[in-house]
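Dear colleague,

Please find below the structure that I am handing over to you. My findings follow directly after it.

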Amino acid sequence: MPRALSFVVFFVVVLSLAGSLHYYVWARLVRDVALPLMWHRILTGLIIALFASIPLTFTLARGHRVESLRPVLLGTFSWMGLLFLTVMLLLVVDAGRVGLGLAGRLLETPPDDPERRLALTRMLGVGVALVAGGAGTLAARSGLTELMVKRLTVALPRLPAEMNGTTIAQLSDVHVGSTIQRGFIERVVRETNALEPDVIVITGDLVDGSVAQLADHVAPLGDLRAKYGVFFVTGNHEYYSGAEAWCHELERLGIRVLRNERVQIGEGAVSYDLAGVDDYSAHRFGRGHGADLKKAVAGRDDSRELVLLAHQPRQVFEADRLGVGLQLSGHTHGGQIFPWNIFVRLQQPVVSGLARFGRALVYVSNGTGYWGPPMRLGAPAEITLLTLERAAS
């Protein structure tokens, strides 16, 4: 399918989905509550305007500098997040009402009178609006202001005893772009350097835009400092943004890009292997890209500990087969906005935190930034500090 036609199809599908969600919200919160005519018209116009703002914003954004887009896109993305929360709450309410209706039929209870039914509909509508608004406010506060340092200790059986206490700081899914810009990156660099890690790793989805658009906003990453260096692997979003150009730019900033290869962390026998692979989906983009863990580990000494950087958690199944002790991943954002984590679990084996698959451990970061809505609900953004220790035999 030609690229232009693919874009048109994608645009139509997204617009149709957005239209359906806006209609559902209008039907439940405006039509069904039988508001007075004036309020009915005002709220109907507002929902139409909010729907129209989505394609209008992205159309006007084409060709503009990311700095000028931030206020507008923050508003549009915030509405998209609030829309998601509202739809999820309405689905729960509707499922409950269907269940009660079925139970009433089975028990042969008399139907509610129309006035009582309308009063219940209005009460539930107000409740959904208040809960969605409150949750959206908390989520926006978390997404825009909170950045925690998450600390955990990981025991690895092949780690040299002399390296007990060595640390890795993990950044992931920063998504530098139209709403996450230089100021946030400077903050991330300050807070990461303050941890004085031995190694810093960036596990993909660093950018949403080209080098030409975002080089200045990413530039502070060149100030990251770690004893054994700073390392990066691609995520799927790098392949939407010009992966090869970004790999060159990050190397220019002094960040080592690991593309299906490994390096030694430490000196001589007092060391472990650090490997990195392209994103799990990179093979779709051709030009020699694609995860190749076999290449990355070829010829290594199996008695040495092996830490793998792989953007998507589902790389862990192959990692276990090929002797990886610990895999560091991102991609999921921890779900970012509850209950999206439930849907993410359908694709990925782990959504957030540390888990074991066979002999391999995998840690999945919630991510350091956000994607789309500037919101986080139940999955706070993090800089992760992992302390490695030798597991007791």
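The accessible surface of the protein chain in this predicted model comes to about 19,300 Å², and carbon and sulfur atoms account for 62% of that area. Of the 393 residues in the chain, 49% are buried. Along the principal axes, the C-alpha atoms fill a box of roughly 80 × 55 × 45 Å.

The chain has 10 helices and 12 strands. Among contacts between residues at least 6 apart in sequence, 75% join residues at least 24 apart.

Leu346 lies in the loop between helix H10 (340–344) and strand S10 (353–357). Because its relative accessibility is 74%, above the 50% cut-off, Leu346 counts as exposed.

In the whole structure, a search finds 6 aromatic pairs. One of these is formed by Tyr23 and Trp26, whose rings are tilted, with 5.7 Å centre to centre and 40° between the planes. Both residues lie in helix H1 (residues 3–31), where they are 3 residues apart, about one turn of the helix. Tyr23 counts as partly exposed because its relative accessibility is 47%, whereas Trp26 has a relative accessible area of 18% and is therefore buried, the limit for burial being under 20%.

Yours sincerely

Note on methods. Residues are numbered from 1 along each chain as its sequence is written. This is a predicted model: local features need pLDDT of at least 70, side-chain atom pairs count only at pLDDT 80 or more; totals for chains, interfaces and linings use all residues. Side-chain values use heavy atoms; hydrogens and water are left out. Helices (H or I, at least four residues) and strands (E, at least two) are DSSP runs, numbered from the N terminus. Buried means under 20% relative accessible area, exposed over 50%, partly exposed in between (1.4 Å probe, protein chains only). Rings of Phe, Tyr and Trp (its six-membered ring) pair if their centres lie within 6.5 Å; planes under 30 degrees apart count as stacked, over 60 as edge-to-face and the rest as tilted. Contact means heavy atoms within 4.5 Å. Accessible areas come from the Shrake-Rupley method with a 1.4 Å probe; for residues, only the protein chains shown count as cover.
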